[in-house]
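Dear colleague,

I am passing on the structure we spoke about, and below it you will find my notes on what turned up when I went through it. Please read them with the structure open beside you.

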Amino acid sequence: MTEIQKIFASFMYVGEGIAALVSLIYYNRVKKQHWKYLAIYLVLIFLCESAVKWGEKPLKIDRIYFYNYFVIPLQFIFFYWLYAKKSLKKVKLFYIMTGAYLLTYLLKALFFPEKKVIFSFNYNIGCLFLMAFVIMEYYKQVNSSDILNFSKNKMFYINLGITLFYIANQPFMAFNSLLWKYIEIWDIYFIYFQVSGAVMYILFASSFIWGKQSS
């Protein structure tokens, strides 16, 4: 990782910290709503990142297994729940998508057993499912009678953040090894990955600040 990439990497960590702090500040306002789980999720993600950043060696954390078998599945399953069950009211779809995503780990173990920094097969399938939810959410928002008040809709900020980070970075994850042959392109995309991650978490924080508390 270059020096400039190390600087941008800190942006994402700071963004996660801001999101966790804001969610704690607003927790009492949402503790009787399902949004309290978003606050808990943001704090948990920040603690996970902090554990790797500051405690990887003393805690003997294997970051590959930690991310691929805990952090990343936690992220996808949480967002499937938030989109399908809470926003779109499609409970069966949540269970179907979650089951299909978890099945990719079995397929990965059977057909792609090699150890990688990111299990691209699992990640890209999970991201495709998330993309479907994002499109459905955009469709719901565009066709809402309350579209003019989109800035008060918490899901507007969440959907935008996920679009900028997960969806926009899927080609980077899918073709990561191929992009190594074009290191300048890889470096630019990696910086975008870091910056978009920070922006996503700032948008999550914004959902607490500007989003309607009852949304």
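Leu 106 has a relative accessibility of 48%, so it counts as partly exposed. Please keep in mind throughout that this is a predicted model. Leu 106 belongs to helix 5, and together with Leu 103, Leu 107, Leu 110 and Phe 111 it makes a nonpolar surface patch of about 500 Å².

Nonpolar side chains in soluble globular proteins tend to be buried together. In this model the largest nonpolar core has 53 residues, and those with the most contacts inside it are Phe 76, Phe 79, Tyr 80, Tyr 83, Ile 158, Ile 162 and Tyr 166. At least two residues of this core come from each of helix 1 (3-25), helix 3 (35-55), helix 4 (63-87), helix 5 (91-111), helix 6 (120-142), helix 7 (154-167), helix 8 (170-174) and helix 10 (183-209). Helix 4 gives the largest share, with 11 residues.

Two of the residues named above can be followed through their contacts. Phe 76, which is found in helix 4, has a relative accessible area of 1% and is therefore buried, since the cut-off is under 20%. Once neighbours within four places in sequence are left aside, Phe 76 is in contact with Tyr 101, Tyr 123, Gly 126, Cys 127, Leu 130 and Tyr 166. Tyr 166, counted in the same way without residues up to four places away in sequence, touches Tyr 41, Gln 75, Phe 76, Phe 79, Tyr 123, Cys 127, Leu 130 and Met 200.

Glu 16 is buried but has no salt bridge, and the nearest side chain of opposite charge, Lys 53, is 8.8 Å away. Glu 49 is likewise buried without a salt bridge, its nearest side chain of opposite charge being Arg 63, at 7.1 Å. Which residues does Glu 49 contact, leaving aside its neighbours within four places in sequence? They are Tyr 13, Glu 16 and Tyr 67, while Glu 16, with residues up to four places away in sequence not counted, touches Ile 45, Phe 46, Glu 49 and Tyr 201.

With best regards

Key. Residues are numbered from 1 along each chain as its sequence is written. This is a predicted model: local features need pLDDT of at least 70, side-chain atom pairs count only at pLDDT 80 or more; totals for chains, interfaces and linings use all residues. Side-chain values use heavy atoms; hydrogens and water are left out. A nonpolar core is a set of buried Ala, Val, Leu, Ile, Met, Phe, Trp, Tyr and Cys residues joined through side-chain atoms within 4.5 Å. Buried means under 20% relative accessible area, exposed over 50%, partly exposed in between (1.4 Å probe, protein chains only). Helices (H or I, at least four residues) and strands (E, at least two) are DSSP runs, numbered from the N terminus. Contact means heavy atoms within 4.5 Å. Patches are made of residues with over 30% relative accessible area and no salt bridge: like charges are joined within 9 Å, nonpolar side chains (Val, Leu, Ile, Met, Phe, Trp, Tyr) within 5 Å. Accessible areas come from the Shrake-Rupley method with a 1.4 Å probe; for residues, only the protein chains shown count as cover. A salt bridge is a side-chain nitrogen of Lys or Arg within 4 Å of a carboxyl oxygen of Asp or Glu. Lys and Arg count as positive and Asp and Glu as negative; His and the chain ends are not counted.
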